[in-house]
Amino acid sequence: IVNSPEISLPFGRLAAAQSAAVVLAGLLWTSGVFIAGYPSEYILWGLSEIGAIWVISIGFLVLFSPSKSRPIAIIGSLWSAASFGRFIAALGASSLLYYVAHFGLRPLLFSFLLTAVFLLVAETKVIAATLAKTSLNTE
């Protein structure tokens with residue numbers, strides 16, 4: 001039986017990438033609302049959604065404990081499961097903002113999708129760089 005090499009992911013870099021993605025999504029959201037001339041409450045609604053997703057993302061990052069060393073063959077599956085869990089939790093938070101706070105559906109939907117895409121791109125970039133660095137060190 002061949003043992004799979006183990007790898008850990010950089011918690012700090014992932015948290016920084018998630019934070020940068022959220023800030024970028026917030027800036028883009030705010031700019032888009034101003035440029036399109038939508039009502040100013042859309043800014044609050046979208047930024048509330050973006051903030052909720054950030055809190056959920058950091059929470060799932062802590063739960064996942066990326067700095068724990070795991071077999072490289074399992075890391076991708078675990079990260080996909082954590083991302084899916086985060087997505088479901090963020091949908092729950094969106095539903096609360098919609099039903100309890102009575103925020104508008106369209107601003108919540110678009111700010112959710114904007115943030116989710118930016119988070120996935122930022123995380124994938126950090127994970128891919130870590131895997132590439134590991135593969136260069138193990139060859």
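## Burial and the salt bridge

A residue is buried under 20% relative accessible area, exposed over 50% and partly exposed in between, with a 1.4 Å probe and protein chains only. In this predicted model, local features need pLDDT of at least 70, side-chain atom pairs count only at pLDDT 80 or more, and totals for chains, interfaces and linings use all residues. Residues are numbered from 1 along each chain as its sequence is written, and side-chain values use heavy atoms, with hydrogens and water left out.

Glu-123 forms a salt bridge with Arg-86, the closest N and O atoms being 2.4 Å apart (a side-chain nitrogen of Lys or Arg within 4 Å of a carboxyl oxygen of Asp or Glu). The partners lie 37 residues apart, Glu-123 in helix H4 (residues 105-138) and Arg-86 in helix H3; helices are DSSP runs of H or I, at least four residues, numbered from the N terminus. Glu-123 is buried at 1% relative accessibility, and Arg-86 is buried at 8%.

## Aromatic contacts

There are 6 aromatic pairs (ring centres of Phe, Tyr and Trp, the last by its six-membered ring, within 6.5 Å; planes under 30 degrees apart are stacked, over 60 edge-to-face and the rest tilted). Trp-45 and Phe-103 are stacked, at 5.8 Å centre to centre and 20° between the planes. This pair joins helix H2 (residues 41-64), which holds Trp-45, to the loop between H3 and H4, which holds Phe-103. Trp-45 is buried at 16% relative accessibility, as is Phe-103 at 14%. Ring pairs also bring Tyr-38 and Tyr-42 into a cluster with Trp-45 and Phe-103.

Notes: Helices (H or I, at least four residues) and strands (E, at least two) are DSSP runs, numbered from the N terminus.
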